[in-house]
Amino acid sequence: MAEISTTGVAAGRLSAREYVDNFSDLHPPLAKNKARTEADRCYFCHDAPCMDACPTSIDIPLFIRQIAADTPDGAAETIFTSNILGGMCARVCPTETLCEEVCVHVAQGNLPVKIGELQRYATDHAMTSGAVTFARAADTDKHVAIVGAGPAGLACAHRLSQAGHKVTIFEANEKPGGLNEYGLAAYKTTNDFAQSEVAFVLSIGGIDIEYGKALGADLPLDDLAKNHDAVFLSLGLAATNGLGIAGDDLDGVKDAVEYIAELRQADDLATLPVGQNVVVIGGGMTAIDIAVQIKRLGARNVTMVYRRGPEQMGASDFEQELALINGVTISHWAMPTAIIGDNGQVAAIDFERTQLEGGKLKGTGEAFTLAANQVFSAIGQVLDASSLADSGLALEGRRITVNEDRKTSLGNVWAGGDCVVGGQNLTVSSVDDGNVAAAAINAFLTGKGE
Ligand SMILES: Cc1cc2nc3c(=O)[nH]c(=O)nc-3n(C[C@H](O)[C@H](O)[C@H](O)COP(=O)(O)OP(=O)(O)OC[C@H]3O[C@@H](n4cnc5c(N)ncnc54)[C@H](O)[C@@H]3O)c2cc1C
Ligand code: SF4
(Lines give C-alpha, C1' and ligand atoms only; values in the text may rest on other atoms or scores of the structure.)
(Ligands and ions follow the chains in the order given, each with its own letter.)
Protein backbone atom coordinates (compact mmCIF):
# COMPACT_ATOMS: atom_id res chain seq x y z
CA MET A 1 0.00 0.00 0.00
CA ALA A 2 1.17 3.54 -0.78
CA GLU A 3 2.00 6.20 1.78
CA ILE A 4 -0.73 8.85 1.84
CA SER A 5 1.02 12.20 1.50
CA THR A 6 0.15 15.24 3.61
CA THR A 7 -1.90 16.49 0.65
CA GLY A 8 -4.15 13.43 0.80
CA VAL A 9 -3.02 12.41 -2.68
CA ALA A 10 -1.05 9.24 -3.35
CA ALA A 11 -0.20 6.83 -6.14
CA GLY A 12 -0.36 3.05 -5.89
CA ARG A 13 -3.24 2.74 -3.42
CA LEU A 14 -4.18 -0.77 -4.59
CA SER A 15 -2.55 -4.17 -4.98
CA ALA A 16 -1.54 -5.37 -8.45
CA ARG A 17 -4.48 -7.83 -8.38
CA GLU A 18 -6.96 -5.06 -7.54
CA TYR A 19 -5.82 -2.94 -10.50
CA VAL A 20 -6.33 -5.90 -12.83
CA ASP A 21 -9.78 -6.70 -11.42
CA ASN A 22 -10.95 -3.07 -11.34
CA PHE A 23 -9.94 -2.37 -14.93
CA SER A 24 -10.96 -5.61 -16.62
CA ASP A 25 -13.85 -5.77 -19.10
CA LEU A 26 -17.05 -4.11 -17.84
CA HIS A 27 -19.07 -6.70 -19.76
CA PRO A 28 -17.06 -9.89 -20.26
CA PRO A 29 -17.50 -11.31 -23.80
CA LEU A 30 -20.35 -13.78 -24.38
CA ALA A 31 -19.33 -17.42 -24.83
CA LYS A 32 -20.65 -19.15 -27.96
CA ASN A 33 -23.50 -21.03 -26.23
CA LYS A 34 -24.65 -17.89 -24.39
CA ALA A 35 -24.52 -15.88 -27.62
CA ARG A 36 -26.63 -18.41 -29.50
CA THR A 37 -29.17 -18.65 -26.66
CA GLU A 38 -29.42 -14.83 -26.57
CA ALA A 39 -29.73 -14.67 -30.38
CA ASP A 40 -32.64 -17.12 -30.18
CA ARG A 41 -34.57 -14.58 -28.05
CA CYS A 42 -34.76 -12.17 -31.03
CA TYR A 43 -38.16 -12.02 -32.80
CA PHE A 44 -36.42 -10.96 -36.05
CA CYS A 45 -39.04 -8.23 -36.43
CA HIS A 46 -39.89 -7.25 -40.01
CA ASP A 47 -39.82 -3.48 -39.34
CA ALA A 48 -37.22 -3.79 -36.62
CA PRO A 49 -37.30 -0.61 -34.46
CA CYS A 50 -33.74 -1.32 -33.28
CA MET A 51 -32.43 -0.72 -36.82
CA ASP A 52 -34.01 2.75 -36.87
CA ALA A 53 -32.60 3.51 -33.43
CA CYS A 54 -29.04 2.59 -34.47
CA PRO A 55 -27.39 5.74 -35.92
CA THR A 56 -25.49 3.55 -38.40
CA SER A 57 -28.61 1.51 -39.35
CA ILE A 58 -26.96 -1.89 -38.87
CA ASP A 59 -29.24 -4.71 -40.06
CA ILE A 60 -29.63 -6.01 -36.51
CA PRO A 61 -32.19 -8.80 -37.13
CA LEU A 62 -29.98 -10.15 -39.95
CA PHE A 63 -26.77 -10.24 -37.92
CA ILE A 64 -28.56 -11.80 -34.95
CA ARG A 65 -30.05 -14.46 -37.25
CA GLN A 66 -26.51 -15.15 -38.57
CA ILE A 67 -25.29 -15.66 -34.99
CA ALA A 68 -28.22 -17.99 -34.29
CA ALA A 69 -27.19 -19.95 -37.40
CA ASP A 70 -23.63 -20.18 -36.01
CA THR A 71 -22.08 -17.96 -38.71
CA PRO A 72 -20.51 -15.22 -36.56
CA ASP A 73 -18.15 -14.04 -39.32
CA GLY A 74 -21.15 -13.50 -41.62
CA ALA A 75 -22.79 -11.56 -38.77
CA ALA A 76 -19.64 -9.44 -38.44
CA GLU A 77 -19.63 -8.70 -42.17
CA THR A 78 -23.22 -7.46 -41.86
CA ILE A 79 -22.16 -5.19 -38.98
CA PHE A 80 -18.92 -3.88 -40.54
CA THR A 81 -20.65 -3.11 -43.84
CA SER A 82 -22.73 -0.48 -42.01
CA ASN A 83 -20.28 0.42 -39.29
CA ILE A 84 -16.58 -0.35 -39.69
CA LEU A 85 -16.06 0.51 -36.00
CA GLY A 86 -18.79 -1.94 -34.98
CA GLY A 87 -16.34 -3.59 -32.56
CA MET A 88 -15.85 -0.43 -30.51
CA CYS A 89 -19.51 0.58 -30.75
CA ALA A 90 -20.44 -2.84 -29.36
CA ARG A 91 -18.38 -1.97 -26.28
CA VAL A 92 -19.30 1.67 -25.74
CA CYS A 93 -22.70 2.48 -27.27
CA PRO A 94 -25.22 3.50 -24.61
CA THR A 95 -27.48 0.74 -25.99
CA GLU A 96 -30.09 1.43 -23.29
CA THR A 97 -30.89 4.71 -25.05
CA LEU A 98 -30.33 3.43 -28.62
CA CYS A 99 -31.06 0.02 -30.15
CA GLU A 100 -31.96 -1.87 -26.96
CA GLU A 101 -34.33 0.84 -25.70
CA VAL A 102 -36.79 0.11 -28.50
CA CYS A 103 -36.46 -3.71 -28.54
CA VAL A 104 -39.98 -5.19 -28.69
CA HIS A 105 -39.19 -7.30 -25.61
CA VAL A 106 -39.06 -4.10 -23.51
CA ALA A 107 -42.65 -3.18 -24.43
CA GLN A 108 -43.62 -6.68 -23.22
CA GLY A 109 -41.97 -6.07 -19.86
CA ASN A 110 -38.93 -8.25 -20.59
CA LEU A 111 -35.23 -7.45 -20.80
CA PRO A 112 -34.18 -6.38 -24.30
CA VAL A 113 -32.09 -8.67 -26.51
CA LYS A 114 -28.46 -7.92 -25.65
CA ILE A 115 -27.73 -6.37 -29.05
CA GLY A 116 -24.45 -4.73 -28.01
CA GLU A 117 -23.06 -7.90 -26.48
CA LEU A 118 -24.09 -9.97 -29.53
CA GLN A 119 -22.46 -7.40 -31.78
CA ARG A 120 -19.27 -7.73 -29.76
CA TYR A 121 -19.42 -11.54 -29.98
CA ALA A 122 -19.58 -11.40 -33.80
CA THR A 123 -17.02 -8.63 -34.35
CA ASP A 124 -14.50 -10.13 -31.90
CA HIS A 125 -14.85 -13.47 -33.68
CA ALA A 126 -14.15 -11.93 -37.08
CA MET A 127 -11.26 -9.79 -35.87
CA THR A 128 -9.63 -12.94 -34.47
CA SER A 129 -10.38 -15.14 -37.48
CA GLY A 130 -9.44 -12.45 -40.03
CA ALA A 131 -12.31 -13.76 -42.15
CA VAL A 132 -13.85 -10.37 -42.98
CA THR A 133 -11.86 -8.17 -45.34
CA PHE A 134 -12.81 -5.23 -47.54
CA ALA A 135 -11.46 -4.54 -51.03
CA ARG A 136 -10.80 -1.20 -52.74
CA ALA A 137 -12.37 -0.29 -56.06
CA ALA A 138 -10.02 0.61 -58.92
CA ASP A 139 -7.92 3.69 -58.17
CA THR A 140 -9.79 6.90 -59.09
CA ASP A 141 -6.76 9.21 -58.96
CA LYS A 142 -8.63 11.43 -56.48
CA HIS A 143 -7.02 12.36 -53.16
CA VAL A 144 -8.94 13.33 -50.01
CA ALA A 145 -7.43 14.95 -46.90
CA ILE A 146 -8.99 14.08 -43.55
CA VAL A 147 -8.14 16.00 -40.38
CA GLY A 148 -8.35 13.85 -37.24
CA ALA A 149 -8.06 10.06 -36.90
CA GLY A 150 -10.97 9.59 -34.48
CA PRO A 151 -14.13 7.55 -35.19
CA ALA A 152 -15.54 10.05 -37.72
CA GLY A 153 -12.26 10.37 -39.64
CA LEU A 154 -11.56 6.63 -39.69
CA ALA A 155 -15.08 5.73 -40.85
CA CYS A 156 -14.94 8.35 -43.61
CA ALA A 157 -11.45 7.21 -44.69
CA HIS A 158 -12.54 3.57 -44.95
CA ARG A 159 -15.57 4.32 -47.12
CA LEU A 160 -13.56 6.63 -49.40
CA SER A 161 -10.77 4.11 -49.77
CA GLN A 162 -13.33 1.42 -50.60
CA ALA A 163 -14.55 3.67 -53.42
CA GLY A 164 -10.98 3.82 -54.80
CA HIS A 165 -9.96 7.29 -53.57
CA LYS A 166 -6.61 7.87 -51.91
CA VAL A 167 -6.81 9.25 -48.36
CA THR A 168 -4.29 11.05 -46.16
CA ILE A 169 -5.27 11.62 -42.53
CA PHE A 170 -3.53 14.48 -40.72
CA GLU A 171 -3.52 13.72 -37.00
CA ALA A 172 -2.20 16.07 -34.29
CA ASN A 173 -1.56 13.24 -31.83
CA GLU A 174 1.03 10.45 -31.87
CA LYS A 175 -1.55 7.68 -32.04
CA PRO A 176 -4.74 7.18 -34.06
CA GLY A 177 -8.21 6.51 -32.65
CA GLY A 178 -9.16 9.90 -31.17
CA LEU A 179 -11.17 9.45 -27.98
CA ASN A 180 -11.35 5.69 -28.62
CA GLU A 181 -7.66 5.72 -27.69
CA TYR A 182 -7.52 8.65 -25.26
CA GLY A 183 -11.02 9.13 -23.84
CA LEU A 184 -13.28 6.11 -23.35
CA ALA A 185 -13.30 4.47 -19.94
CA ALA A 186 -10.48 1.92 -19.65
CA TYR A 187 -12.83 -0.90 -18.53
CA LYS A 188 -14.94 -0.46 -21.69
CA THR A 189 -12.04 -1.05 -24.09
CA THR A 190 -9.37 -3.36 -22.70
CA ASN A 191 -6.32 -5.03 -24.27
CA ASP A 192 -5.43 -2.16 -26.59
CA PHE A 193 -8.60 -2.80 -28.59
CA ALA A 194 -8.63 0.74 -30.05
CA GLN A 195 -5.33 0.10 -31.84
CA SER A 196 -6.34 -3.39 -33.06
CA GLU A 197 -9.45 -1.83 -34.53
CA VAL A 198 -7.49 0.95 -36.28
CA ALA A 199 -5.21 -1.73 -37.78
CA PHE A 200 -8.34 -3.52 -39.04
CA VAL A 201 -9.69 -0.30 -40.60
CA LEU A 202 -6.36 0.50 -42.28
CA SER A 203 -5.94 -3.06 -43.61
CA ILE A 204 -8.06 -2.04 -46.62
CA GLY A 205 -5.05 -0.03 -47.90
CA GLY A 206 -5.01 3.37 -49.59
CA ILE A 207 -5.07 5.29 -46.28
CA ASP A 208 -1.95 7.07 -44.97
CA ILE A 209 -1.81 8.74 -41.57
CA GLU A 210 0.60 11.60 -40.89
CA TYR A 211 1.07 11.99 -37.13
CA GLY A 212 2.01 15.19 -35.31
CA LYS A 213 0.34 17.24 -38.08
CA ALA A 214 -2.13 19.73 -36.64
CA LEU A 215 -4.50 21.82 -38.71
CA GLY A 216 -3.70 25.47 -37.95
CA ALA A 217 -0.86 27.84 -38.65
CA ASP A 218 1.48 25.13 -40.06
CA LEU A 219 -1.25 23.31 -41.95
CA PRO A 220 -3.87 25.87 -43.02
CA LEU A 221 -7.24 24.64 -44.21
CA ASP A 222 -6.83 26.78 -47.28
CA ASP A 223 -3.74 24.80 -48.39
CA LEU A 224 -5.37 21.43 -47.67
CA ALA A 225 -8.40 22.39 -49.75
CA LYS A 226 -6.22 23.60 -52.64
CA ASN A 227 -3.91 20.56 -52.63
CA HIS A 228 -6.61 17.89 -52.36
CA ASP A 229 -9.78 17.09 -54.26
CA ALA A 230 -11.81 17.22 -51.04
CA VAL A 231 -11.31 17.68 -47.29
CA PHE A 232 -13.14 16.10 -44.33
CA LEU A 233 -12.75 17.78 -40.93
CA SER A 234 -13.18 15.44 -37.96
CA LEU A 235 -11.37 17.40 -35.28
CA GLY A 236 -13.52 16.46 -32.33
CA LEU A 237 -13.73 18.91 -29.45
CA ALA A 238 -10.13 19.44 -28.38
CA ALA A 239 -10.72 22.25 -25.85
CA THR A 240 -12.57 22.04 -22.52
CA ASN A 241 -14.63 24.48 -20.45
CA GLY A 242 -12.89 25.66 -17.29
CA LEU A 243 -14.67 26.11 -13.94
CA GLY A 244 -13.90 29.84 -13.89
CA ILE A 245 -14.08 30.17 -10.11
CA ALA A 246 -11.54 31.26 -7.49
CA GLY A 247 -9.00 28.52 -6.76
CA ASP A 248 -9.42 26.62 -10.03
CA ASP A 249 -5.65 26.93 -10.60
CA LEU A 250 -4.71 25.13 -7.36
CA ASP A 251 -2.71 21.87 -7.46
CA GLY A 252 -5.09 18.96 -7.51
CA VAL A 253 -7.70 20.72 -9.69
CA LYS A 254 -7.67 19.05 -13.07
CA ASP A 255 -9.60 18.67 -16.25
CA ALA A 256 -11.26 15.22 -16.31
CA VAL A 257 -10.53 14.56 -20.00
CA GLU A 258 -6.83 15.26 -19.43
CA TYR A 259 -6.64 12.85 -16.47
CA ILE A 260 -8.53 10.15 -18.37
CA ALA A 261 -6.08 10.47 -21.28
CA GLU A 262 -3.18 9.98 -18.84
CA LEU A 263 -4.97 6.97 -17.36
CA ARG A 264 -5.57 5.46 -20.80
CA GLN A 265 -1.90 5.91 -21.75
CA ALA A 266 -0.41 4.81 -18.40
CA ASP A 267 1.81 1.73 -18.58
CA ASP A 268 1.24 1.26 -14.86
CA LEU A 269 -1.99 2.43 -13.17
CA ALA A 270 -0.14 2.44 -9.84
CA THR A 271 1.72 5.59 -10.92
CA LEU A 272 -1.43 7.75 -11.12
CA PRO A 273 -2.09 10.28 -8.33
CA VAL A 274 -5.34 9.53 -6.50
CA GLY A 275 -6.95 11.66 -3.79
CA GLN A 276 -8.61 10.36 -0.63
CA ASN A 277 -11.55 12.72 -1.13
CA VAL A 278 -12.41 13.48 -4.73
CA VAL A 279 -15.06 15.84 -6.08
CA VAL A 280 -16.19 15.72 -9.71
CA ILE A 281 -18.10 18.65 -11.21
CA GLY A 282 -20.47 17.71 -14.04
CA GLY A 283 -23.33 15.39 -14.98
CA GLY A 284 -22.40 13.84 -18.32
CA MET A 285 -20.63 10.70 -19.50
CA THR A 286 -17.19 12.22 -18.83
CA ALA A 287 -18.15 13.05 -15.24
CA ILE A 288 -19.33 9.47 -14.65
CA ASP A 289 -16.20 8.05 -16.30
CA ILE A 290 -13.77 10.05 -14.17
CA ALA A 291 -15.79 9.40 -10.98
CA VAL A 292 -15.95 5.62 -11.52
CA GLN A 293 -12.33 5.32 -12.64
CA ILE A 294 -10.89 7.37 -9.79
CA LYS A 295 -12.95 5.26 -7.34
CA ARG A 296 -11.61 2.10 -8.99
CA LEU A 297 -8.10 3.54 -8.60
CA GLY A 298 -8.64 3.55 -4.85
CA ALA A 299 -10.08 6.97 -3.90
CA ARG A 300 -11.95 6.68 -0.60
CA ASN A 301 -14.80 9.17 -1.14
CA VAL A 302 -15.90 10.31 -4.58
CA THR A 303 -18.75 12.81 -4.94
CA MET A 304 -20.17 13.96 -8.25
CA VAL A 305 -21.91 17.32 -8.02
CA TYR A 306 -24.32 18.40 -10.73
CA ARG A 307 -26.14 21.73 -10.90
CA ARG A 308 -29.49 20.27 -12.02
CA GLY A 309 -31.52 17.10 -11.31
CA PRO A 310 -31.04 13.45 -12.32
CA GLU A 311 -33.41 13.81 -15.32
CA GLN A 312 -31.29 16.58 -16.83
CA MET A 313 -28.01 14.68 -16.54
CA GLY A 314 -26.29 13.90 -19.83
CA ALA A 315 -25.29 10.50 -18.43
CA SER A 316 -27.82 7.73 -19.08
CA ASP A 317 -29.64 5.87 -16.29
CA PHE A 318 -27.27 2.95 -16.82
CA GLU A 319 -24.22 5.20 -16.38
CA GLN A 320 -25.70 6.82 -13.26
CA GLU A 321 -26.41 3.36 -11.86
CA LEU A 322 -22.83 2.30 -12.68
CA ALA A 323 -21.51 5.24 -10.65
CA LEU A 324 -23.74 4.38 -7.69
CA ILE A 325 -22.82 0.69 -7.62
CA ASN A 326 -19.17 1.70 -7.68
CA GLY A 327 -19.72 3.71 -4.50
CA VAL A 328 -19.81 7.19 -6.07
CA THR A 329 -22.14 9.67 -4.34
CA ILE A 330 -24.16 11.83 -6.74
CA SER A 331 -25.29 15.20 -5.40
CA HIS A 332 -27.78 17.23 -7.46
CA TRP A 333 -28.87 20.86 -7.54
CA ALA A 334 -25.60 22.53 -6.47
CA MET A 335 -22.94 24.64 -8.20
CA PRO A 336 -19.33 25.26 -7.16
CA THR A 337 -18.56 28.79 -5.99
CA ALA A 338 -14.90 28.64 -4.86
CA ILE A 339 -12.09 26.15 -4.35
CA ILE A 340 -10.23 26.42 -1.06
CA GLY A 341 -6.48 25.77 -0.94
CA ASP A 342 -3.95 24.83 1.68
CA ASN A 343 -0.32 25.61 0.74
CA GLY A 344 -1.23 25.77 -2.94
CA GLN A 345 -3.03 22.38 -2.87
CA VAL A 346 -6.80 21.97 -3.05
CA ALA A 347 -8.33 21.18 0.35
CA ALA A 348 -12.07 21.79 -0.03
CA ILE A 349 -14.69 23.17 -2.39
CA ASP A 350 -17.61 25.46 -1.64
CA PHE A 351 -21.04 25.01 -3.24
CA GLU A 352 -24.31 26.85 -3.39
CA ARG A 353 -27.59 24.97 -3.75
CA THR A 354 -29.51 25.69 -6.96
CA GLN A 355 -33.11 25.63 -8.11
CA LEU A 356 -35.14 26.50 -11.18
CA GLU A 357 -36.96 29.83 -11.08
CA GLY A 358 -39.09 30.63 -14.12
CA GLY A 359 -37.08 28.06 -16.11
CA LYS A 360 -33.74 29.66 -15.10
CA LEU A 361 -31.18 28.08 -12.84
CA LYS A 362 -30.55 30.24 -9.78
CA GLY A 363 -28.54 29.93 -6.55
CA THR A 364 -30.68 29.61 -3.41
CA GLY A 365 -28.12 31.21 -1.08
CA GLU A 366 -27.74 27.95 0.89
CA ALA A 367 -24.06 26.95 1.00
CA PHE A 368 -22.11 23.82 1.86
CA THR A 369 -18.49 22.68 1.65
CA LEU A 370 -16.95 19.34 0.68
CA ALA A 371 -13.44 18.27 1.67
CA ALA A 372 -11.44 17.55 -1.50
CA ASN A 373 -7.86 16.51 -2.24
CA GLN A 374 -8.64 16.37 -5.95
CA VAL A 375 -11.28 18.23 -7.99
CA PHE A 376 -12.11 17.17 -11.54
CA SER A 377 -13.88 19.47 -13.92
CA ALA A 378 -16.10 17.63 -16.42
CA ILE A 379 -18.36 20.41 -17.65
CA GLY A 380 -18.05 20.02 -21.38
CA GLN A 381 -15.74 20.15 -24.34
CA VAL A 382 -15.66 22.71 -27.13
CA LEU A 383 -14.13 23.07 -30.56
CA ASP A 384 -10.61 24.47 -30.55
CA ALA A 385 -11.48 27.14 -33.09
CA SER A 386 -7.89 28.48 -33.20
CA SER A 387 -7.02 25.76 -35.75
CA LEU A 388 -9.65 27.24 -38.09
CA ALA A 389 -8.70 30.92 -37.67
CA ASP A 390 -8.83 32.86 -40.97
CA SER A 391 -10.27 29.82 -42.78
CA GLY A 392 -13.60 31.53 -43.44
CA LEU A 393 -15.46 28.41 -42.30
CA ALA A 394 -18.94 29.16 -40.93
CA LEU A 395 -19.27 28.29 -37.23
CA GLU A 396 -22.29 28.32 -34.94
CA GLY A 397 -21.92 28.24 -31.15
CA ARG A 398 -18.32 26.99 -31.43
CA ARG A 399 -19.16 24.09 -33.74
CA ILE A 400 -18.84 23.83 -37.52
CA THR A 401 -22.02 24.48 -39.50
CA VAL A 402 -22.91 21.64 -41.91
CA ASN A 403 -25.90 20.61 -44.01
CA GLU A 404 -27.48 17.14 -44.01
CA ASP A 405 -24.62 15.81 -46.18
CA ARG A 406 -22.11 17.20 -43.63
CA LYS A 407 -21.05 19.80 -46.21
CA THR A 408 -19.55 22.98 -44.71
CA SER A 409 -19.79 26.52 -46.03
CA LEU A 410 -16.54 26.03 -48.03
CA GLY A 411 -16.44 24.61 -51.58
CA ASN A 412 -14.79 21.19 -51.19
CA VAL A 413 -14.83 20.83 -47.38
CA TRP A 414 -17.05 18.50 -45.35
CA ALA A 415 -17.06 17.95 -41.56
CA GLY A 416 -18.51 15.50 -39.06
CA GLY A 417 -18.39 13.95 -35.60
CA ASP A 418 -18.32 15.93 -32.37
CA CYS A 419 -17.00 19.11 -34.05
CA VAL A 420 -20.18 19.89 -36.03
CA VAL A 421 -23.44 21.53 -35.07
CA GLY A 422 -25.78 18.69 -34.10
CA GLY A 423 -22.88 16.35 -33.17
CA GLN A 424 -24.28 13.84 -30.67
CA ASN A 425 -21.03 13.27 -28.75
CA LEU A 426 -21.26 9.52 -29.31
CA THR A 427 -18.84 7.17 -31.04
CA VAL A 428 -21.60 5.63 -33.16
CA SER A 429 -23.02 8.96 -34.37
CA SER A 430 -19.51 10.09 -35.28
CA VAL A 431 -19.12 6.94 -37.38
CA ASP A 432 -22.44 7.75 -39.04
CA ASP A 433 -21.24 11.28 -39.83
CA GLY A 434 -18.10 9.79 -41.43
CA ASN A 435 -20.26 7.44 -43.52
CA VAL A 436 -22.66 10.21 -44.61
CA ALA A 437 -19.83 12.59 -45.54
CA ALA A 438 -17.97 9.86 -47.44
CA ALA A 439 -21.05 9.19 -49.57
CA ALA A 440 -21.40 12.90 -50.35
CA ILE A 441 -17.68 13.33 -51.08
CA ASN A 442 -17.73 10.28 -53.35
CA ALA A 443 -20.70 11.72 -55.25
CA PHE A 444 -18.83 15.04 -55.58
CA LEU A 445 -15.62 13.36 -56.80
CA THR A 446 -17.41 11.17 -59.31
CA GLY A 447 -19.50 14.04 -60.66
CA LYS A 448 -22.75 12.72 -59.18
CA GLY A 449 -23.13 15.34 -56.47
CA GLU A 450 -22.45 19.00 -55.71
C1 LIG B 1 -14.28 10.84 -21.32
C2 LIG B 1 -15.19 10.51 -22.48
C3 LIG B 1 -15.90 9.32 -22.44
C4 LIG B 1 -16.74 9.00 -23.50
N5 LIG B 1 -17.42 7.82 -23.44
C6 LIG B 1 -18.23 7.48 -24.47
C7 LIG B 1 -18.94 6.24 -24.43
O8 LIG B 1 -18.86 5.48 -23.49
N9 LIG B 1 -19.74 5.94 -25.50
C10 LIG B 1 -19.85 6.77 -26.59
O11 LIG B 1 -20.57 6.44 -27.54
N12 LIG B 1 -19.19 7.95 -26.64
C13 LIG B 1 -18.38 8.32 -25.61
N14 LIG B 1 -17.71 9.50 -25.66
C15 LIG B 1 -17.86 10.37 -26.85
C16 LIG B 1 -17.02 9.85 -28.03
O17 LIG B 1 -15.74 9.48 -27.57
C18 LIG B 1 -16.94 10.94 -29.11
O19 LIG B 1 -18.26 11.28 -29.47
C20 LIG B 1 -16.19 10.49 -30.36
O21 LIG B 1 -14.90 10.01 -30.07
C22 LIG B 1 -16.10 11.64 -31.36
O23 LIG B 1 -15.41 11.22 -32.50
P24 LIG B 1 -14.71 12.29 -33.44
O25 LIG B 1 -14.05 11.51 -34.52
O26 LIG B 1 -15.66 13.34 -33.82
O27 LIG B 1 -13.63 13.02 -32.52
P28 LIG B 1 -12.42 12.50 -31.59
O29 LIG B 1 -12.61 11.10 -31.13
O30 LIG B 1 -12.28 13.55 -30.57
O31 LIG B 1 -11.20 12.54 -32.58
C32 LIG B 1 -10.71 13.77 -33.09
C33 LIG B 1 -9.29 13.57 -33.58
O34 LIG B 1 -8.84 14.79 -34.20
C35 LIG B 1 -7.54 15.10 -33.73
N36 LIG B 1 -7.37 16.56 -33.80
C37 LIG B 1 -7.95 17.51 -33.02
N38 LIG B 1 -7.56 18.74 -33.42
C39 LIG B 1 -6.73 18.56 -34.49
C40 LIG B 1 -6.00 19.44 -35.34
N41 LIG B 1 -6.05 20.77 -35.19
N42 LIG B 1 -5.25 18.90 -36.34
C43 LIG B 1 -5.18 17.56 -36.51
N44 LIG B 1 -5.85 16.67 -35.72
C45 LIG B 1 -6.61 17.17 -34.73
C46 LIG B 1 -7.52 14.58 -32.30
O47 LIG B 1 -6.18 14.37 -31.86
C48 LIG B 1 -8.31 13.28 -32.45
O49 LIG B 1 -7.49 12.20 -32.80
C50 LIG B 1 -16.86 9.87 -24.61
C51 LIG B 1 -16.14 11.06 -24.64
C52 LIG B 1 -15.32 11.39 -23.58
C53 LIG B 1 -14.56 12.68 -23.60
S1 SF4 C 1 -23.78 0.28 -33.29
FE2 SF4 C 1 -24.51 0.75 -31.22
S3 SF4 C 1 -26.63 1.51 -31.51
FE4 SF4 C 1 -26.02 0.45 -33.41
S5 SF4 C 1 -26.79 -1.69 -33.12
FE6 SF4 C 1 -24.64 -1.63 -32.44
S7 SF4 C 1 -24.72 -1.31 -30.22
FE8 SF4 C 1 -26.76 -0.72 -31.06
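α8 gives the most to the lining of the second largest cavity, with 3 residues; helices here are DSSP runs of H or I with at least four residues, strands are runs of E with at least two, and both are numbered from the N terminus. This is a predicted model, where local features need pLDDT of at least 70, side-chain atom pairs count only at pLDDT 80 or more, and totals for chains, interfaces and linings use all residues. Residues are numbered from 1 along each chain as its sequence is written, chains are lettered from A and ligands numbered from 1 in the order in which they are written, and side-chain values use heavy atoms, with hydrogens and water left out.

**Second largest cavity**
- About 110 Å³ of space lies in this one. A cavity is a set of points, on a 1 Å grid over the protein atoms alone, where a 1.4 Å probe fits but cannot get out, and lining residues have an atom within 4 Å of a point.
- Volume means the space filled by probe spheres set on the points, with grid points joined across faces, edges and corners.
- Its lining counts 16 residues, and nearest the centre sit Cys54, Cys93, Thr95, Cys99 and Gln119.
- Both α6 (86-92) and α8 (115-129) supply at least two lining residues each.
- By class, that lining splits into 11 nonpolar, 5 polar and no charged residues. Ala, Val, Leu, Ile, Met, Phe, Trp, Tyr, Cys and Pro count as nonpolar, Asp, Glu, Lys and Arg as charged, and the others, Gly among them, as polar.

**Largest cavity**
- The structure holds 3 cavities of 30 Å³ or more, and the largest has about 120 Å³ of space.
- Of its 16 lining residues, Cys42, Cys45, Cys50, Cys103 and Val104 are the closest to the centre.
- At least two lining residues each come from α3 (49-53), α4 (60-68) and α7 (104-107), with α4 giving the largest share at 3 residues.
- This lining has 15 nonpolar residues, 1 polar and no charged ones.

**Ligand 1**
- The shell around ligand 1 has 33 residues, and the closest are Val92, Glu171, Lys188, Leu215 and Asp418; a residue is near if one of its heavy atoms lies within 4 Å.
- Oxygen atoms of ligand 1 lie 2.7 Å from a polar side-chain atom of lysine 188, 3.0 Å from a polar backbone atom of leucine 426 and 3.3 Å from one of proline 151. A polar contact is a pair of N or O atoms within 3.5 Å.
- Taken alone, ligand 1 exposes 1000 Å², and the protein buries 94% of that (Shrake-Rupley method, 1.4 Å probe).
- Two or more shell residues come from each of α9 (151-162), β3 (166-171), α14 (285-296) and α16 (427-445); α14 has the largest share, 3 residues.
- By class, the shell has 14 nonpolar, 14 polar and 5 charged residues.

Notes
A polar contact is a pair of N or O atoms within 3.5 Å; within protein, one must be able to donate a hydrogen and the other to accept it, and residues adjacent in sequence count only if both atoms are side-chain atoms. On a 1 Å grid over the protein atoms alone, a cavity is a set of points where a 1.4 Å probe fits but cannot get out, and a pocket is an open set with protein on both sides within 12 Å along at least five of seven lines; lining residues have an atom within 4 Å of a point.
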